[in-house]
Amino acid sequence: MKQMNWKELPHAGTVLKAGNANEYKTGSWRSLKPRWIEENCIQCLFCWIYCPDSSVMTKDEKMTGFDYDHCKGCGVCAMECPGKKGNKAIVMEEEGK
Amino acid sequence: MGVTTTKTVAVTGNQAVAEALRQLNPDVMPAYPITPSTGIMESFTSFVSNGKVDTETILVESEHSAMSACIGAAAAGGRVATATSSQGMALMWEMLHIASGYRLPILMALVNRALSAPLNIHCDHSDGMGARDTGWIQLYSENAQEAYDNTIMAYRIAEHKDVRLPIMVCMDGFITSHSIESMQFIPDPEVKKFVGDYIAIDPLLDLDNPKSIGALVLTDYYMEHKRAQHEAMLNTKKVIQDVSAEFAKLFGRTYELFESYRLEDAEVVLVALNSAAGTIKDEIDRYREKGVKAGLLKPRMFRPFPYEEVSAALKNAKAVCVMDRADSFGGYGPLFMEIASAVYPSRQGPFLFNKIYGLGGRDLMPLDVDQVIDETIEVAKTGKVKMVKEYITVRN
């Protein structure tokens, strides 16, 4: 992305385009990656509620996976996941693995 | 366009500024009154209670909140003002940077007062000088008339499309704020016409166009933001000159970037801000009668500082004493540093020295001024400065 010079900046640095944080791919910050184990998922959507970065994707009110372009790998989803009969539906793994 | 009929009144500096604010009729005025600026809010809130203005006043729990509310209201799209002094301004300090960084043309009446400790309520310029680097425009005023006129001009300067910066109009605590002076008010319709309507840039209350202000900016963009802010300050000088010229044409009172009092052929020059200039002018007249070519340079615009113009004005002076009503402990006085910076690029010019005077409201008497003029004459003759910086009006 070409960076603006000081003359091109919007007045006072005001962000005029609503929702443009979506264009900023924060996924590269991640060192741990959440992995979804679908057979253990009870579709409680705790992960969707707790995700601080709206990176849990859903379709028709069902969890469908992660938005790895924006997930920073904080692990909150894995922590909150109740799983099924003691088996987590979300686990955190080393990014390099 | 001729000079307007104006009304001559006897009022305090605080009443004069409150009257200007009534005529400006800001949308929002958050404040936490503090001595000696209290009188401004006292008068202004009576205007609000009596329906003389449309302003919403917000009485907040601290000056930090007052400036925060100013920022919120200005970002929403309102014309905003506040008034404060000393500790109040100090408590606003971090928010002052945010007001200028967001490029919000907020007007502040700053009634200059010493900072604690020791606790003191009287005049010096340590509050204004402490806000020197906050990105606000600063205009200084010698008396109630100048404080009133600067306040009337303030929004025109701050809101100019090439500027869009917050502005503080300063006057001396008690000496100006509480003394009754004869001065002239401009009729309401003329002020209204002169000031005009305010059109905010990207106001938050424009709900059809959602936006974010105050986003995080890291190493990749911070410097570009500051460079743009610097440009706005560079543009400010011409806008102040243009607005002042229009004001002079309409209302008959002329204001330059600094006042030159008998300066043109002066060999011995004093530099001082605000009310002390009155006493100094009297003493300069006395020395002129004795045949001494003495003069005064009184900066009105302190931020941005008119370096080139000051340098040109001091070109033929032999010795200059810069009188600071604030100290930068361990450094020279803040006004001295500006004057030294102004004359430096020419690699020539007068001998300079610095006196710190009048802290915490200590009087500057005519005899004190005489001593300074005498020493400046001596420096002009001998070319020798004994002490670059020295306290006067102090018991040794």
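How many salt bridges are there between chain B and chain A? I began my entry with this count, keeping in mind that the model is predicted, and found zero salt bridges between chain B and chain A.

**Interface.** I then looked up the polar contacts between chain B and chain A, and the count came to two residue pairs, both at pLDDT 80 or more. Helix α9 of chain B, residues 222–251, gives the most to the side of chain B that touches chain A, contributing five residues. I sorted the residues on that side of chain B by type and noted seven nonpolar, three polar and eight charged. In total the contact draws 18 residues from chain B and 13 residues from chain A, and the two chains bury about 1400 Å² between them, with 65% of that area on carbon and sulfur atoms.

**Sheet in chain B.** I next traced an open sheet of six strands in chain B, whose order is β9-β11-β10-β13-β14-β15 and whose pairing is mixed. Its edge strands are β9 (258–261) and β15 (389–391), each of which pairs on one side only, and I noted a twist that averages 20 degrees from one strand to the next. Within this sheet of chain B, β10 (residues 268–271) and β11 (residues 294–299) pair in the parallel sense over four bridges, and I found B:V271 opposite B:L297 in β11(B).

**Helices on the sheet.** I recorded that helix α10 of chain B, residues 276–289, lies across β9, β10, β11 and β13 (319–324) of chain B and runs at about 160 degrees to β11(B). Helix α12 of chain B, residues 334–343, also packs on the sheet, where it touches β10, β11, β13 and β14 (351–356) of chain B, and its direction makes about 145 degrees with that of β13(B).

Definitions and conventions:
Residues are numbered from 1 along each chain as its sequence is written. Chains are lettered from A and ligands numbered from 1 in the order in which they are written. This is a predicted model: local features need pLDDT of at least 70, side-chain atom pairs count only at pLDDT 80 or more; totals for chains, interfaces and linings use all residues. Side-chain values use heavy atoms; hydrogens and water are left out. Contact means heavy atoms within 4.5 Å. Buried area is the accessible area (1.4 Å probe) that two parts lose on being put together, summed over both. A salt bridge is a side-chain nitrogen of Lys or Arg within 4 Å of a carboxyl oxygen of Asp or Glu. A polar contact is a pair of N or O atoms within 3.5 Å; within protein, one must be able to donate a hydrogen and the other to accept it, and residues adjacent in sequence count only if both atoms are side-chain atoms. Helices (H or I, at least four residues) and strands (E, at least two) are DSSP runs, numbered from the N terminus. Ala, Val, Leu, Ile, Met, Phe, Trp, Tyr, Cys and Pro count as nonpolar, Asp, Glu, Lys and Arg as charged, and the others, Gly among them, as polar. Two strands pair if DSSP finds at least two bridges between them. Axes are lines fitted to C-alpha atoms, for helices over the stretch in contact, and angles run from 0 to 180 degrees between N-to-C directions.
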